[in-house]
Amino acid sequence: MQHVRRRLCGLLICALFLPAAGRAQSPADLPAPPPPQQGMATGERQRAQFDDQHRPITAGGTVKAGPVVFQNVAAQAGLTAWRNRTGSAEKRVIIEAKGSGVCLLDYDRDGWLDIYLVNGSTFDALAGKATPPHAALFHNNHDGTFTDVTEKAGVANDRWGLGCAVGDYDNDGWPDLYVTNLGKNRLYHNNRNGTFTDVAEKAGVALDEGSGSVVVDHTGATFGDYDGDGRLDLFVGGYIQYDFENPPLTGTKAVQNSACQYRGENIMCGPRGLKGAGDHLFHSNGDGTFTDVSVKAGVSDPNGYYALGALFVDVNGDGRPDLVVANDSTPNYLYINRGDGTFDNQSYMSGYALNGEGREVSNMGIAAGDYENNGHMDLVNTDFSDDSTVVFHNDGSGEFDDASARTGLGGRSGPFVGFGDGFLDYDNDGWKDLLIANGHVYPQVDEHPGWGMSYAQRPLLYHNQRNGTFAPVPAVEGTGLAEVCVGRGAAFGDLFNDGKIDVVINNLDGVPLLLRNVNPDHNHWVELNLVGGPKSPRDAVGATVYLTAGGMRQRGDVLSGGSYLSSNDMRVHFGLGAAAKIDAVEIHWPSRATETVKLPAVNRIYTITEGKGITGALCGGKRCAAQAGASLR
């Protein structure tokens, strides 16, 4: 605690904003939003970086030979017939630049992950002058290909889409899908027959907050059982209030006649200077409906910060899901779960509100994972160019310090604009690595080659060095890491049931990437598909697993949401390295029950049901020869 106090006091924040010792922090204890200046919160202009061919490092920097980790198989998989369409190519207003997320879910419960890609829209489509672009649900065919089943499934979402989150909100054993939009949101209830029905209005979570020509831009969403009643609740972040009759164009009254510029060039305005939107927490009533308890719970965001990433995750190890919100160009929120239906706003006291320099940054996505294998949940926030990706290192009690420099992620990320991110053990060595999807928000950067950055950018992969640091993995020409796109949402999961974590990236105004993990390692692995009991959410969101193998103890969590407006594979994946035997598995269920399970073999996907142990297993994507029963225990 003292290191946080000293850092903030040194910035003259302590005397103004820190609460008295022993007093719980409330929204009123936080600073007011920054003055209505324009643009993104970013650091000082950095030196331009070029490769040996004088290409901006964001689009170049590739090598001719090296380890091949990912191949982009989107075309072979059948995904490239669909593309994202969001606004105009010029990106004159901010809602055209945010892009959309992607969710991984096994919607038909066949044991294979399917892909849901959110789409944007255009002003002509909203005005009824053009056919609106639609989202896409791709069914996994179990052979490396996917089939577009959007129309049959009823999940086209012909609105201006932003994000999505997966959660079985009615505990019927089938994953449901929440989609955030510019305007009203959707809650797609899984009908258990390959189709969905939008029940958002009936459930009370549509959020039709607009008035006249003004609509609210809803962004990150996350499911979690914050009050421990065994039912999933829902948090939805708000970004800005957008006025279609008075769009925030430079030099207009909508932005107080300001000129909006980046490095002297006219660009879109915002988010600073635009009117922000509040956040919402919906409590499940247990009957398919929800009640908005945002104010009562203390998470309503009266400051109107610009929310993007959101995630329910236990950061202090007390078994209760806390809530983290990545805010664009404004301080982040960390709400610690008190266990009584309310949250303690510990944003500043925890060190999560600002980076290590005491500045708010343009936070986009949130990756959560224990990268040191010490049982502590760390967080990584992506942000804007001229800033470093922020590694929030957790001391185990929910207090964070900025470890960007000492982890090796600091300066390398400077020219990139990061969005979707996630921890993944791509080589199954038992240590979590990190991948970031990148893409600028200003197309005008391509007109200035001297800036050393590009609009379309390649993803970044960092390998865990097992000592608290990461090293960049070279982008080999012609492979997935060399793909140059305007990356936005990213979701991580084992799409081919081969024990390797793959990545799907939703690209702004482009086709998606499906980065198949082809790393040549022969390390062992195991994945756990958890099913909650009567006192836990059925999909076990909020469960924490500790696995010990090869003398190492790892942590994995079942989470909904995160990254950038996206949701990952809920199966918990562990790389085991050379260990061919698992010594112990300890599951902390959302019900607060603890269960130990003996896994008889590696390289399998086990289904574990709370209180019943192993109830199923997949080998090579198919039912193992010895199915559920004593032989699997």
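Student: Let me start with the cysteines: are C260 and C269 buried or exposed?

Tutor: Both C260 and C269 are buried. Buried means under 20% relative accessible area, exposed means over 50%, and partly exposed is in between (1.4 Å probe, protein chains only). Before we go on, this is a predicted model, where local features need pLDDT of at least 70 and side-chain atom pairs count only at pLDDT 80 or more, while totals for chains, interfaces and linings use all residues. Residues are numbered from 1 along each chain as its sequence is written, and side-chain values use heavy atoms, with hydrogens and water left out.

Student: How many disulfides does a search of the whole structure find?

Tutor: A disulfide is a covalent bond between the sulfur atoms of two cysteines. The cut-off here is a pair of cysteine sulfur atoms within 2.5 Å, and the search of the whole structure turns up 3 disulfides. Take C103 and C164, whose sulfur atoms are 2.2 Å apart. Their link has 125° about the S-S bond and is right-handed. It joins distant parts of the chain, with C103 in strand β2 (residues 102–105) and C164 in strand β6 (residues 161–167), 61 residues apart. Strands here are DSSP runs of E, at least two residues, and helices are runs of H or I, at least four residues, numbered from the N terminus. C103 is buried at 0% relative accessibility, and C164 is buried at 1%.

Student: What about the disulfide of C260 and C269, and that of C619 and C624?

Tutor: C260 and C269 have their sulfur atoms 1.9 Å apart, and the link is right-handed with 100° about the S-S bond. In the pair C619 and C624 the sulfur atoms are also 1.9 Å apart. The torsion there is about 95°, so that disulfide is right-handed. C619 is partly exposed, at 28% relative accessible area, whereas C624 is buried at 5%.

Student: On to charges. How many salt bridges does a search of the whole structure find?

Tutor: The search finds 22, each a side-chain nitrogen of Lys or Arg within 4 Å of a carboxyl oxygen of Asp or Glu. One of them joins E201 and K184, with the closest N and O atoms 2.8 Å apart. E201 lies in helix α6 (residues 200–203) and K184 in the loop between β7 (176–181) and β8 (186–190), so the pair ties together parts 17 residues apart in sequence. E201 is exposed at 56%, and K184 is partly exposed at 27%.

Student: Which residue forms a salt bridge with R272?

Tutor: That's E360, with the closest N and O atoms 2.7 Å apart. The pair links distant parts of the chain, from R272 in the loop between β13 (265–266) and β14 (280–284) to E360 in the loop between α8 (347–350) and β20 (366–369), 88 residues apart. Both R272 and E360 are buried.

Student: And what does R516 do?

Tutor: Its side chain meets that of D498 in a salt bridge (3.7 Å, N to O). R516 sits in strand β30 (residues 513–517) and D498 in the loop between β28 (487–493) and β29 (502–507), so parts 18 residues apart in sequence are tied together. R516 is partly exposed at 28%. The charged end of R516 also sits over the ring of F496, 3.7 Å from its centre. The test for that is NZ of Lys or CZ of Arg within 6 Å of the ring centre and within 35 degrees of the ring normal. R109 does likewise over the ring of W174, at 4.6 Å from the centre.

Student: How do I read ring pairs?

Tutor: By the distance of the centres and the angle of the planes. Rings of Phe, Tyr and Trp (its six-membered ring) pair if their centres lie within 6.5 Å; planes under 30 degrees apart are stacked, over 60 edge-to-face, and the rest tilted. A search of the whole structure finds 19 aromatic pairs. F123 and F244 have ring centres 6.2 Å apart and planes at 80°, so this pair is edge-to-face. F123, W160, Y242 and F244 form one aromatic cluster.
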